[in-house]
Every structure is written in structure tokens, then in C-alpha cells.
Amino acid sequence: MPQNLLLCQTSTRGWLNLAYARQIHVRPDYQNISNEQPACFITWSNGDKETFVGKDAKAIAQTWHNYLNSTKS
């Protein structure tokens, strides 16, 4: 059985397989405690939720954007 891979390398969390994401929500600027920076909210297929900010969020958003553009017919 083939495995689905949609790999994204983040600067602080290592490699992520976005194929296991149930939902990805990207915000270009998210009000953090100290400043505004990009944020990405992921709900994984097992129901866990994670928030990524800064460079990690940018990497995830770029990988997801590239994937969506590659699937357009």
C-alpha cells in the first residue's frame, strides 16, 4: 500500500508530513504576545492541533501553496 508524502522542512520542528493534516489554516499576520508574525494552525488526522509561527509557518504555507498549485488541472 503506497504511503502519501507531502513533506515540509521547518526550521525549529524538523520535517512534517502535511499529508496527515486534516485542516490547515494560514494567517499572514497573527497577533502574538510580542509582535505580529505569520501563523499556521494545523489539525492533524488524529485530532491533535498545533500552531506554527514565524519561519515555520512560512515554510508550511509555501509547501501547501506549491502542493495546491501542482494539483490544479
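A surface patch here is made of residues with over 30% relative accessible area and no salt bridge, joining like charges within 9 Å and nonpolar side chains (Val, Leu, Ile, Met, Phe, Trp, Tyr) within 5 Å. The model you have open is predicted, so local features need pLDDT of at least 70 and side-chain atom pairs count only at pLDDT 80 or more, while totals for chains, interfaces and linings use all residues. Residues are numbered from 1 along each chain as its sequence is written, and side-chain values use heavy atoms, leaving out hydrogens and water.

Start by selecting Leu5, Leu7 and Trp15: together they make a nonpolar surface patch of about 370 Å² (Shrake-Rupley area, 1.4 Å probe, only the protein chains shown counting as cover). Leu7 belongs to strand 1, residues 7-10 (strands are DSSP runs of E, at least two residues, numbered from the N terminus). Leu7 counts as partly exposed because its relative accessibility is 45% (buried is under 20%, exposed over 50%, partly exposed in between).

Stay in strand 1 and pick Thr10. This residue is buried, at 6% relative accessible area. A polar atom of its side chain lies 3.1 Å from the backbone nitrogen of Arg13, and one lies 2.8 Å from the backbone oxygen of Gly14. Leaving aside residues up to four places away in sequence, Thr10 touches Leu16, Asp56 and Ile60 (heavy atoms within 4.5 Å).

Next, show Arg13 with Glu50: they form a salt bridge, with the closest N and O atoms 2.8 Å apart (a side-chain nitrogen of Lys or Arg within 4 Å of a carboxyl oxygen of Asp or Glu). Arg13 sits in the loop between strand 1 and strand 2 (14-17), and Glu50 in strand 5 (residues 49-53), 37 residues apart.

Note on methods. Helices (H or I, at least four residues) and strands (E, at least two) are DSSP runs, numbered from the N terminus. Buried means under 20% relative accessible area, exposed over 50%, partly exposed in between (1.4 Å probe, protein chains only). A polar contact is a pair of N or O atoms within 3.5 Å; within protein, one must be able to donate a hydrogen and the other to accept it, and residues adjacent in sequence count only if both atoms are side-chain atoms.
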